[in-house]
Amino acid sequence: MGKIIMLVIVLLAGMGQGMQAAVNGSLGKKIGSIEGAFVSFFTGTVMLLVIMLIWGNGSLSTVWQVPKWNLIGGILGAIYVFIVILAVPKIGVTSAITAVIIGQLMMSVIIDHNGWFGNEAIHFTYKKMIGLVLLLAGLYFVFSDKH
């Protein structure tokens with residue numbers, strides 16, 4: 001798949017995350033934050049089960065052979081969904097997602113710089129630092145506009 005097509009797909013996935021935050025925030029207000037996170041993950045799990053049964057070609061039984069740190073993704077995802085469900089009603093979707101994106105980028109540059117989790121090291125540069133500082137300034141403007 002071409003790099004441009006993949007970039008567009010990832011952009012669409014990011015748009016879906018923004019929508020997910022609004023939907024989950026509303027759900028959490030109606031049924032409770034933890035309950036909303038549970039329902040979100042449960043319905044997502046059911047959907048992935050159906051997709052796996054139709055198109056899956058991996059080997060689920062080999063999950064017991066992977067390094068245990070490979071299994072924390074679901075835990076991190078659950079924490080993310082729970083926190084966003086808590087945050088959206090209090091600070092709004094834009095502030096919450098802006099903060100999420102900046103947090104993702106901050107951790108991403110640390111992972112890239114150190115080559116963690118089997119990734120090739122991509123060094124942190126002053127240009128990346130300037131970009132992160134500008135994003136933090138953007139968060140200030142986005143957040144302070146509402147509060």
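1. Charges. The protein has 8 positive and 4 negative charges, and their mean positions are 4 Å apart. Lys and Arg count as positive, Asp and Glu as negative; His and the chain ends are not counted. Each charge is placed at NZ of Lys, CZ of Arg, CG of Asp or CD of Glu.

2. Basis. This is a predicted model: local features need pLDDT of at least 70, side-chain atom pairs count only at pLDDT 80 or more, and totals for chains, interfaces and linings use all residues. Residues are numbered from 1 along each chain as its sequence is written, and side-chain values use heavy atoms, with hydrogens and water left out.

3. Fold. The protein has 5 helices and 0 strands. Its pattern along the sequence is α-α-α-α-α. Helices (H or I, at least four residues) and strands (E, at least two) are DSSP runs, numbered from the N terminus. The C-alpha trace spans about 50 × 45 × 30 Å along its principal axes.

4. Surface and burial. The accessible surface is about 10900 Å², with 75% belonging to carbon and sulfur atoms. Areas come from the Shrake-Rupley method with a 1.4 Å probe; for residues, only the protein chains shown count as cover. Of the 147 residues, 17% are buried. Buried means under 20% relative accessible area, exposed over 50%, and partly exposed in between (1.4 Å probe, protein chains only).

5. Contact range. Take contacts between residues at least 6 apart in sequence: 64% of them join residues at least 24 apart. A contact means heavy atoms within 4.5 Å.

6. Domains. The assignment gives domain 1 (1-91) and domain 2 (92-146). These bounds come from an automatic or database domain assignment. The C-alpha centres of the two domains lie 20 Å apart. Their contact takes 11 residues from domain 1 and 10 residues from domain 2.

7. Domain interface. Domain 1 and domain 2 bury about 810 Å² between them, 75% of it on carbon and sulfur atoms. Which residues of domain 1 lose the most area to domain 2? They are W69, V88 and I91, together 56% of what that side buries. Buried area is the accessible area (1.4 Å probe) that two parts lose on being put together, summed over both.

8. A21. This residue lies in helix α1 (residues 3-31). A21 counts as buried because its relative accessibility is 1%. Leaving out residues up to four places away in sequence, A21 touches V84, V88, V93 and I97. A21 and A87 are 66 residues apart along the chain, yet their C-alpha atoms are separated by 9.2 Å.

9. T98. Helix α4 holds T98. Is T98 buried or exposed? T98 counts as buried, because its relative accessibility is 19%. T98 touches L139 and V142, again not counting residues up to four places away in sequence.

10. V63. This residue sits in the loop between α2 (33-55) and α3 (73-91). V63 is partly exposed, with a relative accessible area of 27%. V63 and I97 are 34 residues apart in sequence; C-alpha to C-alpha they are 31 Å apart in space.

11. F117. The loop between α4 (93-114) and α5 (126-146) contains F117. Phi of F117 is near 60°, a positive value in a residue other than glycine. F117 counts as partly exposed, at 47% relative accessibility.
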